[in-house]
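Below is a walk through a protein model, taken one part at a time. Please keep the sequence and the 3D view open while reading.

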Amino acid sequence: MKNFNYVKAPDVRGALAFLDREGDKACVVAGGTNVMVDIRAGKMNDLTLVGISDIAALRGIQEEDGKICVGALTTISELAASTLLAKQAPALYMAAKVFADAVTRNSATIGGNIAYASPAADTAPALLALKADVLIESEGGKRRVPIAEFFTGVNKTLLQAGELITALEFIPNPYSAFFKIGLRNAMAISVATAACAVKLAANGVIEDCAVALGSVAPKPLRAYEAEKILIGRKLDDDTVKAALEAVGAAISPIDDTRATGEYRREVAPVLVKRALLKASGICVHESCKDGEGRIQHG
Amino acid sequence: MAELLTLTLKVNGEEKTFQAPAHLSLLRLLRDNLYWEVKCGCEEGDCGTCTVYLDGRAVKSCVTLAHACAGHEVWTVKGLGYADDLTAKLQKAFVECGSIQCGFCTPGMIVAAKHYLDHDGRADRKAIREAIAGNLCRCTGYQKIVDAIYNVACELSNNDLPHNSKLKTQNSRLGLSGSPLGGVAHE
Ligand SMILES: Cc1cc2nc3c(=O)[nH]c(=O)nc-3n(C[C@H](O)[C@H](O)[C@H](O)COP(=O)(O)OP(=O)(O)OC[C@H]3O[C@@H](n4cnc5c(N)ncnc54)[C@H](O)[C@@H]3O)c2cc1C
Ligand code: FES
Ligand code: FES
Ligand code: FES
Ligand code: FES
C-alpha cells in the first residue's frame, strides 16, 4: 500500500523547515520526472513529499560578479533556451538541447537531475567540466560543494537529510562543449557523454582544462590524468592520443540494456575528442554546426 | 487506504476541488475524474499520450504530481479544442492529413504540437519532429502527423499578423501565461 504525505513549500525557508522536521522521511519533489516514476515502481514509500515547484526564488539563470548562477528549479527547457548559456557555457547549453525530449524538458529541473545522481545525468558532465559548485541550504546554514566531490555513487551524493540544493554556480567558459550518444536521436538516456572546458593561451597552449564523462562509471566523473596530460601542451595529435588513453584508464563502464561496456569503452574517447575540439573552437565536423551536443544517428 | 488530501486547481478553465492521495499523478487525477481524453500509455514518462497543458506548457501528466498543480491551471486537449483556435486548427489538420489511425497518441500529440507552435515553432519538419520526439505513435509512422503540424505552421506564418502576437493574445485571454513548475521554453 502506497503511503505518502504531501506538503507544499511556499518558499525556501518553508521548505527547509519541512525538511528539518521530516528528516530522512522527506522527499523533495521538483519536476517529478524521477520521483513519480520511482513511486509508481514501488521504489519508495512512507515518505512526506515536499513540493518545491512553486518557489520562484529557486528558478532562473543569473550572471553576477563574473559567475553564472542557475537556480535549482530552472527547467532543462529554460537552459536550452538561454542565450547566455549558449555563449558563456555552451557545455551546459548543449547538454540541455539533447536532454530527454521537448515535453519532458519542460518539467525536468537541473536540481533534480543533480540530486538524483544517475550515472547518466546529462547536466552532470557539463557542470563537472565547468567546475560548478553545488549550493546547498539547510536550517543549520549554507554550504557549497564542488560538484566533483558531490557524487558518491549510483544515485548517491553528499546531500544530507534536511538539505536542499538551491543553485549551481560556475565561472562562465565559452570554450566548453558537451557530446552525447544515445540509442536514438531524441528522448534517449545516454549511452555515454563527455564534456570538456579549456583555457587556451594565445599560442594555443592549454593553460587549464577539465574533462568529464557520464554513463561510463558508477558516477559522473572527471578524468584528471587526461587533464594533466593536456595542460601545458598544444592540442596536437600526439597529445590528444595520450589524453584519450588516460580517459580509457579513468572509466569503468558496465554492460546494461542500452549498451555493452566494451562499446562504451570505444565511444567514450571519441566523445571526449569531439568535445575537446569543439571547446577549443577547432571543430571540423559538419554535424555539430547547429551547436547540438548529439552524435546523430542515420 | 492512504489519507486523502484536498486540492483546488483550474481544469479547462473551471475551478475544481478534488480529494486525492498525496502521491497521485496528475494523469490519475484527471482520468479518475472523467477527463478520459487524457490517455494513459506507459505511466513512466516515455510515451507522451498523457501530455496536457499546465500553465502554458506541455507536460507529461503521468510524471507530474497532482498536488503540485494546486492553484495552477491545466488544460486537456478537449478543453483546448473548444477554447483555443490553434488547437482547433491542429485537430482539423490532423483529420485532414490522415494523421489519426487508432487515435491513442493524438491527444498528447496535439498538445505537444500546440506547445511547439505557441513557443515560436516554425514550419520546419526537423524541428517539428524534435518537438514531438517524446510522443510515440505505433501506427502512422509520424509522417502524416508532421504534415499536419507543418500545414498549421505554414498557415500561421502566412497570416498578416506575426502568429506569435496573435497567440499571445489568445493565451492571455485563456490565462495561460503563468509558469509554476517550470518556465516557458523560449526567451
Ligand atoms: C521520459 C524521460 C526521459 C528522461 N531523459 C533524461 C535524459 O535524457 N537525461 C537525463 O539526465 N535525465 C533524463 N530523465 C531523468 C529526469 O528527467 C531528470 O533526472 C530530471 O532532471 C529530474 O528533475 P526533476 O525536477 O523532474 O526531479 P524530481 O523527480 O522532482 O526529483 C529527482 C530527485 O532529486 C531530488 N531533488 C529535486 N530537487 C531537489 C533540490 N532542489 N534539492 C534537493 N533534492 C532535490 C528529489 O528528492 C529526487 O530524489 C528522463 C526522465 C524521463 C521520465
Ligand atoms: S568536434 Fe564538433 S562535431 Fe567535430
Ligand atoms: S502515460 Fe505519461 S508518458 Fe506515457
Ligand atoms: S492502428 Fe494503431 S497500432 Fe495499429
Ligand atoms: S495513431 Fe495509433 S498510436 Fe498514433
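In chain B, 62% of the contacts with a separation of 6 or more are between residues 24 or more positions apart. The model is a predicted one. Chain B has 187 residues, and 53% of them count as buried. To count as buried, a residue needs 20 or more other C-beta atoms within 10 Å of its own.

Next come the elements of chain B. There are 7 helices and 5 strands. Following the sequence, the order is β-β-α-β-β-β-α-α-α-α-α-α.

Strands of a sheet pair through backbone hydrogen bonds, and the pairing can be parallel or antiparallel.

Strand E3 of chain B, residues 51–54, pairs with E4(B) in the antiparallel sense, over 4 bridges. Within this part of the sheet, Val52(B) has Val59(B), in E4(B), as its bridge partner.

Between the chains, 34 residues of chain B are in contact with 36 residues of chain A. On the chain B side, the elements that give two or more residues are strand E4 (57–60) and helix H5 (125–131). Which of the elements gives the most to this side? It is E4(B), with 4 residues. By class, the side of chain B that touches chain A has 17 nonpolar, 11 polar and 6 charged residues.

Where does ligand 1 lie? Its place is between chains A and B. Several elements of chain A give two or more residues to the shell around the ligand: strand E2 (26–29), helix H2 (35–40), helix H6 (102–107), helix H7 (110–116) and strand E10 (164–170). H7(A) provides the largest share of this shell, with 5 residues. There are 32 residues around ligand 1, and those that come nearest are Ala30(A), Gly31(A), Gly112(A), Asn113(A) and Gly45(B). The shell is made up of 19 nonpolar, 11 polar and 2 charged residues.

Chain A remains. The domain assignment gives it domain 1 (4–51), domain 2 (56–170) and domain 3 (176–288). The C-alpha centres of domain 1 and domain 2 of chain A are 19 Å apart. Where these two domains of chain A meet, 15 residues of domain 1 are in contact with 18 residues of domain 2. Helix H1 of chain A, residues 12–22, gives the most to the domain 1 side, with 6 residues. That side of domain 1 of chain A has 7 nonpolar, 5 polar and 3 charged residues.

Conventions. Residues numbered from 1 in each chain as written. Chains lettered and ligands numbered in written order. Predicted model: local features only at pLDDT ≥ 70, side-chain atom pairs only at ≥ 80, totals over all residues. Domains from an automatic or database assignment. Contact = placed C-beta atoms within 7 Å. Nonpolar A, V, L, I, M, F, W, Y, C, P; charged D, E, K, R; others polar. Buried ≥ 20, exposed ≤ 12 C-beta atoms within 10 Å, placed from the backbone. Near = placed C-beta within 6 Å. Pairing = 2+ DSSP bridges.
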